[in-house]
Amino acid sequence: MAETGTKTPRERYRGQVRAEIKERAWEQIATAGASALSLNAIAKQMGMSGPALYRYFAGRDELITELIRDAYRSVADTFRAAHESGADVAGLAHAMRAWALADPHRYFLIYGTPVPGYHAPDDITTIASEIMTTLLDAYTALPSDIPATPFTAHLEDHRRWADDHPASPTALHRALTFWTRLHGVLSLELAGHFKGMGFDPALLFAAELDDLTAPSTD
């Protein structure tokens, strides 16, 4: 093996080819969606034979896994960096929106319709859980001044999705509400459903955040 921090010419070449394959894959996804991803079509674009490309990715699922892993790693790092820089819950939401607007196809690959027949490996779930952990950290730091609901009580015994985070059931509920409404607005905006409606999606997003982060009056 090469020493840590150094790569052989062959390793560098392999890394460059894999990066180009992923770039071509993103182009395909942008054009026809992830379900239409074709390694043979990518090989043709790159002037390679199908068997030659399969030396870099064993199949479609391995390539999709790499793309999903990269996307989740990117948003998890974005979330963590925002949190570590002092961003509050609203700041995390704006960081997510900026990330999504920068590359909607990357957003939809991980938060859109699942690719038929594809099952992500466990390490993808681990990376995705980092995002929720950051959000739960942010909500745990806020006062829990909202009244309990039946769903809040339900979360007391249904918190496996929180990956053993010590957040209170109220914080879990608030984080889930935040997460679902955040993605609801983002998904509609990125899919173009607000076009022609005559309002600014950024202002709608901000209004939703104001509502989600407003202190309780009960």
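Q: What makes a run of residues a helix, and what span is expected of a helix?
A: A helix is a DSSP run of H or I with at least four residues, numbered from the N terminus, and its expected span is 1.5 Å times one less than its number of residues. This is a predicted model, where local features need pLDDT of at least 70, side-chain atom pairs count only at 80 or more, and totals for chains, interfaces and linings use all residues. Residues are numbered from 1 along each chain as its sequence is written, and side-chain values use heavy atoms, without hydrogens and water.

Q: How do you know that the span of helix H7 agrees with its number of residues?
A: H7 (residues 122-140) has 19 residues and should span 27 Å; its end C-alpha atoms are 26 Å apart, which agrees.

Q: Which residues of H7 are called buried?
A: Buried means under 20% relative accessible area (1.4 Å probe, protein chains only). In H7 this holds for Ile124, Ile127, Ser129, Ile131, Met132, Thr134, Leu135, Leu136, Ala138 and Tyr139. They pack against helices H4 (60-84), H5 (89-102), H6 (104-111), H9 (169-190) and H10 (201-213).

Q: What makes Ile21, Leu63, Leu135 and Phe178 stand out in the largest nonpolar core?
A: Such a core joins buried Ala, Val, Leu, Ile, Met, Phe, Trp, Tyr and Cys residues through side-chain atoms within 4.5 Å. Of its 61 residues, these four touch the most other members. Elements giving two or more residues to this core include H1 (9-32), H2 (39-45) and H7.

Q: How confident is the predictor, by pLDDT?
A: On a scale from 0 to 100 for each residue, the mean is 90, and 95% of residues reach 70 or more.

Terms used: Buried means under 20% relative accessible area, exposed over 50%, partly exposed in between (1.4 Å probe, protein chains only). Contact means heavy atoms within 4.5 Å.
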